[in-house]
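I opened the notebook for a friendly look at packing and surface. Here is what I looked up, entry by entry.

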Amino acid sequence: MASQGEYQRLDDVEQDLPPGEEEEEELLHVTEGLQDSWHHIKNLDHFFTKIYQFHQRNGFACMMLSDLFELGQFLFVVTFTTFLLCCVDYDVLFANRPLNHSQAGTDRAKVTLPDAVLPAPQCAQRIHASGWIIFLLVMASVFWLYRLVKVLCSVLGYWEIRSFYIKALNIPSDALCSQSWQEVQARLMALQRRQQLCVHKKELTELDIHHRILRFQNYTVAMVNKSLLPIRFRLPLLGTVVFLTQGLQYNLELLLFRGPGALFQNAWSLRPQCKRAGARRELAQRLARDMVLLGVANLLLCPCVLLWQLLYAFFSYAEGIKREPGSLGARRWSLYGRHYLRHFNELSHELRARLSRGYKPATNYMNSFSSPLLAVLAKNVGFFAGSILAVLIALTVYDEDVLTVQHILTALTLLGLVVTVARSFIPDEHTVWCPEQLLQRVLAHVHYMPDHWQGNASRAETRSEMAQLFQYKAVFILEELLSPIITPLILIFALPPRALDIIDFFRNFTVEVVGVGDICSFAQLDVRSHGNPQWLSAGHTEASAYRQAEDGKTELSLMRFAIAHPRWQPPRPSELFLSHLKEQVQRDAATAPPARHLLAEGPLATSLLSDDSAAAPDGLVASVLSRPILSASGLVARERRLSQPCSTASAAASVLLSLASPLPGWVRGSAGDSPTGHPLHPEESLLLSRSALLSEVASAEMSLHAIYLHELHQQQQQGPGPQAVGVWMSSGAPKPSSMTAGSAARASQAQLREMPLGGWAEEEEEEEEEEEEDKEEQRTG
């Protein structure tokens, strides 16, 4: 990656520095009215992050209990493991050696747990005789003491944050859970206007607060978006795999942000030499050396970390797996998926809520794939294992003495596990899914999808790539267990060749903002600097291919932040982009039926995509996604009066336009009002509480914008269709003269996606013809 840019310094776009106020090297926190409680806090990033964590972790008591129980868990795992290794006589426990009881009697004929526990002197002697156990106990003690000191320091820090909430923000502890983060953020901005928390600015904006809390996370999201980190590997037999674990992420943060030799010299400033192009090679060599040294340190600590990972995984998951063996087959969003799908300036709770909404659609999509070969094998394996299990259960019911047979409980447990795992590979024969529509529903919630997935939802390659984002829980556990072994290899061999690219990335994509410090330039949400012409930014962006964000991340992140923070004033180029998008929505909405017609089939639309009932916000998305199906199949009679079927983009534009103006009145109105003007069903009014209404509607609006932008992007990729021509003409981009072979293929796939389902349209036409023939026969008769 060549050097194509320089470090920049930007003035604040909202407020200029007051005249005569000199810039200081550190950004200070000064409170005039409450100087006796807290003052002169130098690290505002740490301060705002603690405020956010205090809110998300539900206050002081919950945070301290969690930290203390975490210390207790570590202490329990270490002591209990030591006890099992050195203080238990397993020959007595397994009845391999008979006991000589001092007291005779039938009650003492059985082996009890105290009989299998060694005396304390003998247990201590075993511990002292093992050098490895002494070494591991010393290492564990040092780490536990380090964690204890951190917890004690955090107690003092979070007690100050508690006082800040009560005295400065006027939020008592018992009311914290009822306050949303948006309300806390609004109080922070109001406090800045009164007391000047940041001495470099008169006012704080929502973007300033997000920049401080997510300064390093935005860099990580940008590096994943630009495919800079070596986390994708091609292995024999396994194909392409993605490896990003919590251990690897922690090491990357040490190298780049938080370590003693990191590129950032403090929480808000990049090292001066990283900002000069002439020092790039020297810095790259030093960074590569640090990567190797950190990898060697990880390699030396590998036995300790690996042992801890094994023990913690066993104590955490063993009981749950025994109780529910199918839990290993459940899925979760991978760490790579969370970085790939995360917007710039998206807080953790916002990302978690968005991915939670997409969990069930993603699960349905992954479950729509089934292997006939595995299904046949699973049915037969389940039959054989279930037959043996049934006989053993019947015998134990007939005579409980069967349980005293050696290994009978082990056999029952293993057979039950085999039956449960086998059933997970047998698809439900009564369920029929449409992969294309399911993948579109996933897109509505997660907002990102590679271009080559469009029209290829039923292919195994698409499913395997989706599995990298949405992995099995068993795969997650296996990756974390292997992390102490693989992470040092990545640090030593895969990461150093990328050192120069990483140095160039931090110099080219770092800007200094007055009152905030050095931030990732992508986090500015500036379409002019990082927009992509293929995502409706043509005519608004000056970015080269090197500086463009991939997959429309700049445009989608800007849209999400603007929806989540309606009072935020974006930069001028971004504001023009949003205005242009609004105009495009109005043009496309003119070619679609009114929103009340689209939403009239909400339950029918949802029934085509899931087995859930249609709640109001989710029903908006379901109605839009199913519109091409309903139009093409002839299920909606009013569509026949249109010159052409209503596309997904037009349907999304129509619903978005209906949400534009009536939304404030809906929020302020009665519980039975809806954004489209017609009343909701009583059940829907009960489901949508007044407190969660605004966030749910904002989420649905962003889902519609994601669908709409992806549809326009695909139309622009395919060729000069009616709506694509409108996009090109409005953006000022040149209109292509012909359609390429790839565009023709994508266009044919798009036509296939709009084909009638099950021949309903043809059947209706045949029925109409038969009715006309019957009428003619009656007349002639």
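Which residues does L351 touch, not counting residues up to four places away in sequence? I found R338, L341, R342 and E346, with contact taken as heavy atoms within 4.5 Å.

Before going on, I noted that this is a predicted model, where local features need pLDDT of at least 70, side-chain atom pairs count only at pLDDT 80 or more, and totals for chains, interfaces and linings use all residues. Residues are numbered from 1 along each chain as its sequence is written, and side-chain values use heavy atoms, with hydrogens and water left out.

**L351.** I placed L351 in helix α14, residues 348-357 (helices are DSSP runs of H or I, at least four residues, numbered from the N terminus). L351 counts as buried because its relative accessibility is 5% (buried is under 20% relative accessible area, exposed over 50%, partly exposed in between, with a 1.4 Å probe and protein chains only).

**Core.** I then checked the largest nonpolar core, which has 90 residues (buried Ala, Val, Leu, Ile, Met, Phe, Trp, Tyr and Cys joined through side-chain atoms within 4.5 Å). Y708 is among the members that touch the most others, as are W333 and M466. Leaving aside neighbours within four places in sequence, Y708 has contacts that include L581, V585 and L656.

**Loop.** My last stop was F425, in the loop between α17 and α18 (435-446). F425 is partly exposed because its relative accessible area is 42%.

Notes:
Helices (H or I, at least four residues) and strands (E, at least two) are DSSP runs, numbered from the N terminus.
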